[in-house]
Amino acid sequence: MNVRHGATGRLRLRGCAAPLLAVLVAIVGAGCAEGRPESLLRVQTAEQIAARERSAAAEEGPAAPAAGTASSAAADDSGYKREATASDSGVPAADKPAGSGGTAPASAEPAAAGGDGAPAGRAAAAGGGGAPAGSAAAAGGDGAPAGAGSAPVAAPAAEPAAQAAAADTGARRPPKKPAFSIPVLNYHSIGVEPDNNAVLDPKKLEEQMAYLADNGYTTLTLGQFVDIWDGKAEAPDKAVLLTFDDGYADNYTEAMPILAKHGFRATMFVSPGMVGQDGYYADWDQIRAMRDAGWDIQPHGMTHPYLHKLPAEEQRKEIAGSIEALKRETGIDAVAFCYPYGMRNKETLKLLAEYGVRFAFTIDQGKTEPSQQPLQLKRLFVGGKDSLQTFVKKLQ
Ligand SMILES: [Zn+2]
């Protein structure tokens, strides 16, 4: 296939990458600037796009394991709050043009204040694990909101009992082990672009897949994942779900052959509005070929928007449109959705439920466990700058 890695493509890709880092907690994510309608891209200068990409990379960066280890108990309620946090501060920070001197992206986030959000993001990405910013955000997102929301009410009356319970739990009971804990790895583009943390070198992917194969990992199909979730099947000792966001043509040309060598399965999330665009995104023939090769294909919004910023009816069009286009072009029913940039709000979740989507993946960092809300599942970002050692660490 004709995959173009020209300037335009790269620029766009970086943009896409951008989303990941940002957030951490809030997470941002996975999103990709590429998701932007072509018309928007065309009116931006290369510099603007590059700036966006830099910030995007920051966003996409690994949101740090810290977020992943955060308690998921509060996810249900605080998940929304995390979002709010993200939209109010995280996203803008991630989206802001990094030192571009006022070349705000089309979606012009308020933030841009400090000219240089990118470096921080990249640092976090490079660190692959300890991103201070990410940890801080994570703490605030998971812990703070929950505490603020419920503690004041319950604490005064129930304090003695709570303390007793805590003491009891802490002293005598080992932490409850979840029925399963599955690393859902989050990939984007597979190509050679060393400065872009959202693009993974095919050689590294090769190395990672070989590691999984050599160490007895089973790559789950989406159907197997659902059965495990529903308790109809037991999770293999070492199970992993490979997910690829955005539907890049290089997932077809590069990733598919590498996975095929090991008989591995994966799930790709596509935005139908971008399918086939410029040869940069896989076209429907390629997507159908991936389906036939055993890949699961699922929706990622029609045009890869920031869903939480859209009015309900626009969100509906994005969600329903991507589900319908996927069905029309591939015959596949939507079971799992992936939030562009990891962003969502209550309306988003409501709409997904309305359309029968049972699971949705965020870019909140962590393994997927049964305590999480099925429409707010965590994943683990795999960065282009991750060493094999970092990759291995993320699996554990
Ligand atoms: Zn995306």
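How many of the five residues of strand β10 (residues 377-381) are buried? Five of the five are, so β10 is largely enclosed by the rest of the structure. Here a residue counts as buried if 20 or more other C-beta atoms lie within 10 Å of its own, as exposed if 12 or fewer do, and as partly exposed in between, with C-beta atoms placed from the backbone. This is a predicted model, in which local features need pLDDT of at least 70 and side-chain atom pairs count only at pLDDT 80 or more, while totals for chains, interfaces and linings use all residues. Residues are numbered from 1 along each chain as its sequence is written.

Overall, the protein has 14 helices and 10 strands, taken as DSSP runs numbered from the N terminus (helices: H or I, at least four residues; strands: E, at least two). Of its 396 residues, 52% are buried.

Back at β10, L377, R379 and F381 point one way and K378 and L380 the other way, and all are buried. Strand β1 (residues 184-187) runs parallel to β10 and is joined to it by two bridges; strands pair if DSSP finds at least two bridges between them. In this pairing N186 stands opposite F381. Strand β9 (residues 359-365) also runs parallel to β10, again with two bridges, and Q365 has R379 as its bridge partner.

Strand β6 (residues 267-270) is likewise covered on both faces, with T267 and F269 buried on one side and M268 and V270 buried on the other. Strand β5 (residues 239-246) pairs with β6 in the parallel sense over four bridges, and D246 is the bridge partner of V270. The chain gets from β5 to β6 through helix α10 (residues 249-261), in a right-handed β-α-β crossover; right-handed means that, with the strands pointing away from the viewer, the path from the first strand over the helix to the second runs clockwise. Next comes strand β7 (residues 296-299), which pairs with β6 in the parallel sense over four bridges, with F269 opposite Q298.

As for helix packing, the axes of helix α8 (residues 202-214) and α10 come within 10 Å and cross at roughly 25°, with axes fitted to C-alpha atoms over the stretch in contact and angles running from 0 to 180 degrees between N-to-C directions. That makes α8 roughly parallel to α10 (angles under 35 degrees). P202, L205, E206 and M209 of α8 make the contact with E254, A255, I258 and L259 of α10, contact meaning C-beta atoms, placed from the backbone, within 7 Å.

Notes. Angles under 35 degrees count as roughly parallel, over 145 as roughly antiparallel, 65 to 115 as roughly perpendicular and the rest as oblique. Two residues are in contact if their C-beta atoms, placed from the backbone, lie within 7 Å.
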